[in-house]
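Here is a short report on a protein model. Keep the sequence and the 3D view side by side as you read.

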Amino acid sequence: MIRKVWVFYRDGFRAMSPLGRRLWVLIAVKLAVMFLVLRWLFFPAVLGGLDGQESADRVSQELINRR
């Protein structure tokens, strides 16, 4: 099943015009920028380096303080 889906998309991209291929590359670059770069800039890893209990304590403290 996965192979059939792969062949379907592969053949579709091969039959695509050069303009269509460029547009798909542009879409892929925009998605990479949105999900990788913007996430890295605007959503830092606040709980990075903490174990499960420490992160749970920090989250509960933040919820209590914001209330």
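R10 and D11 form a salt bridge in this predicted model. Their closest N and O atoms are 3.6 Å apart. That pair counts because a salt bridge needs a side-chain nitrogen of Lys or Arg within 4 Å of a carboxyl oxygen of Asp or Glu. How exposed is R10? R10 is partly exposed, with a relative accessible area of 30%. D11 is partly exposed too, at 37%.

By this rule, the count comes to 2 salt bridges. E62 and R66 make another one. Here the closest N and O atoms are 3.7 Å apart. Where do E62 and R66 lie? Both are in helix α3, which covers residues 52-66. They are 4 residues apart, or about one turn of the helix. An α-helix has 3.6 residues a turn, so residues three or four places apart point the same way. E62 is partly exposed, with a relative accessibility of 38%. R66 is exposed, and its relative accessible area is 70%.

The table lists both pairs.

| Salt bridge | Closest N and O atoms |
|---|---|
| R10 and D11 | 3.6 Å |
| E62 and R66 | 3.7 Å |

Stay with helix α3 for one more residue. S55 is also placed in this helix. Is S55 buried or exposed? S55 is buried, with a relative accessible area of 17%. The side chain of S55 reaches the backbone oxygen of G52, at 3.0 Å. S55 also touches L47 and L50, leaving aside residues up to four places away in sequence.

Now turn to helix α2. It runs over residues 18-42, which makes 25 residues. What span should those residues give? At 1.5 Å a residue, α2 should span 36 Å. The C-alpha atoms at its ends are 35 Å apart, which agrees. The helix also has a bend. At V33, α2 bends by about 25°.

P44 counts as exposed, at 56% relative accessibility. How far apart are P44 and V7 in space? From C-alpha to C-alpha, P44 and V7 are 39 Å apart. In sequence, 37 residues separate P44 and V7.

Notes: Residues numbered from 1 in each chain as written. Predicted model: local features only at pLDDT ≥ 70, side-chain atom pairs only at ≥ 80, totals over all residues. Heavy atoms only, no water. Buried < 20%, exposed > 50% of the residue type's maximum accessible area, 1.4 Å probe, protein only. Helix = DSSP H or I, 4+ residues; strand = E, 2+ residues; numbered from the N terminus. Expected span 1.5 Å × (residues − 1). Bend = angle between axes of the 7 residues up to and from the residue. Polar contact = N/O pair within 3.5 Å; in protein donor to acceptor, adjacent residues only side chain to side chain. Contact = heavy atoms within 4.5 Å.
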